[in-house]
Amino acid sequence: MSETSTDHITYKSERQNRILLRFLRWRQRHMSEKTFVLILALVVGILCGFAALVLKSLIHFIARALTGSFSTVGGNYLYFVFPVIGILLASLYVRYVVRDNISHGVTRVLQALSQNKSRLKAHNMYTSLIASSITIGFGGSVGAEGPIVYTGAAIGSQLGSLFRMSPRILMMLVGCGAAAGIAGIFKAPIAGMLFTLEVLMIDLTAASVMPLLIASITAATVAYTFSGYDFEFFFIQSEAFQTSIIPYVILLGIVCGFASLYFTKVMNMMENMFSKLRSPWIKFMVGGSILSLLVFLFPPLYGEGYGAIIDLLGGDPSAVVDASVFYSESSSATAVILFIFAIILMKAFATSATNGAGGVGGTFAPSLFVGCLTGFLFAYAFNDFFGLQLSTKNFALMGMAGVMSGVMHAPLMGIFLTAELTGGYNLFLPLLIVSTIAYGTIKIFEPYSIYTMRLAQRGELLTHHKDKAVLTLLKMDSVVETDFLKVSPEMCLKEMCDVISHSTRNLFPVVDKDDVLVGVVLLDDIRNIMFRPDLYRRMFVNKFMTSPAAKIVIGQNMESVMKIFDNTGAWNLPVVDEQGRYVGFVSKSKIFNSYRRVLLHYSDD
């Protein structure tokens, strides 16, 4: 680039900054912060609504172009090819164009909230859309909802950063973007807002409720305006709900809880397996082979699986099995049951193989898919084995709410999302029962959702618990003090006194020649011998140093650090690296001051 071009770009950037600063000064004089945040929420909602439309359109365009002429009876060998091509294209795009990890979108949003001051990169506003549309359009067994959450959150983060909003407002705008993404892609504004409360765990306060509502409603309005006022899934309740079947509804809730647990455990196990494979090409070959084989044997695993959901909500299981190599016009009810059960078991493997091989997608659609099949299978099997008359359509709908509530650990979102997706508001009572019981069942065995378990293990999860949330937002680097003078064990008392004369502290770390912490010297402990010249050459640091009450390892989360302070009763503790080398000290007073500052930043209404 020539010097003239560089100067032009620099001048243009400076001019844009001046315009922005002029606007910010005007806004401060003529508009309150609350009003401006509502305007930003409206803009976020509009942008996220269009982003959702673009994502859905891209997925449907690619899928129709590839599968529009597929045979609907018997196996199709193109199922072996298309998903692998999609994963290859998506992984190459991510590796060589994006050059950043954009998988696990919801988890990365949670991590940005707790560890990166709610800041997401600018490319996250569009890269997930492109990668996920390729992955899903070619048949990857994942959903588009995780990527749209990532996209929406990035839009909110970038907009807030552009206008220099405070950390508290920035966090709120990230939540607005995530809520708008869900609302736009599902046409479900209430579920979008509940997603930010239950999954992202952003507090619902007087200051946050209106921006979240505005963003969600705006995104849903954009979706309705451009794609029609239809529910995402066509559902007609032909059988009225009877209170006499409540025992079966309760039992379905338990079954959905265990289905959620199975899905979560398999996803976690497969993710661990892929993380041990170092080469991206080996990951691609392993994941692609698993996915293509599963999709060929069980065609409903192809793509999001929304076609199978629509068929089962219409009460027609034959449409789910007739594209398989196992299909036969004489297939018995038992064969249908076994086939659907196998799909439920294999969906988690197909989803994790898609992401593990390099594809980009989320787990919303897979959890809805598994829930629908679980509810349908429950009613279908009871009807076949015991001669009951349970509505397979109604139970399929309840299963969607149940498994989503369990996998996401979000019962309210599961209830309202299912109702908004299908219009099944007449089944609100059984939806409540199934979702609550499914959530309660999985909580017994797994305290964290599929999105939060890894962050919780590292102590990086932001929760509604105010103390824990603030401690999570605190960083060790911000509280470590390094102005303590070091001494060695071989120093005599005279040399120790010389060090004390140049120090403003009453605490001295003792380190060996490799800078490994071996002890500490407290000024109070040697005060009685400091002024005895006869001991200056006879007393050495290794004689009067003491072992610290505990050591803090750099990178340790602040919640565990506070537990160590409570257990030891110490006021200052040394910080070391993983090899035991001295880094500095951390004090309770420093943590308390930082805690108060962060609390004011993030909880001011």
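Q: Between which helices does the loop with R99 lie?
A: R99 lies in the loop between helix 3 (78-98) and helix 4 (105-115). Helices here are DSSP runs of H or I with at least four residues, strands are E runs with at least two, and both are numbered from the N terminus. This is a predicted model, in which local features need pLDDT of at least 70 and side-chain atom pairs count only at 80 or more, while totals for chains, interfaces and linings use all residues. Residues are numbered from 1 along each chain as its sequence is written, and side-chain values use heavy atoms, leaving out hydrogens and water.

Q: Why is R99 called exposed?
A: Exposed means over 50% relative accessible area, buried under 20%, and partly exposed in between (1.4 Å probe, protein chains only). R99 has 69% relative accessibility, so R99 counts as exposed.

Q: What makes K187 buried?
A: The relative accessible area of K187 is 5%, and the limit for buried is under 20%. K187 therefore counts as buried. K187 sits in the loop between helix 7 (167-186) and helix 8 (189-198).

Q: Why are strand 3 and strand 5 said to stand at the edges?
A: Two strands pair if DSSP finds at least two bridges between them. Three strands form an open sheet in the order 3-4-5, with mixed pairing. Strand 3 (552-553) and strand 5 (582-587) each have a single partner strand, so one side of each is left without a neighbour in the sheet.

Q: How do you know that strand 4 and strand 5 pair?
A: Strand 4 (residues 572-576) and strand 5 share five bridges in the antiparallel sense, against a requirement of at least two. V576 stands opposite Y582 in strand 5.

Q: How confident is the predictor in this protein?
A: On the pLDDT scale, the predictor's confidence in each residue from 0 to 100, the protein has a mean of 85, and 89% of its residues reach 70 or more. Over residues 463-467 the pLDDT is below 50. Where pLDDT is low, the predicted coordinates should not be read in detail.

Key: Contact = heavy atoms within 4.5 Å.
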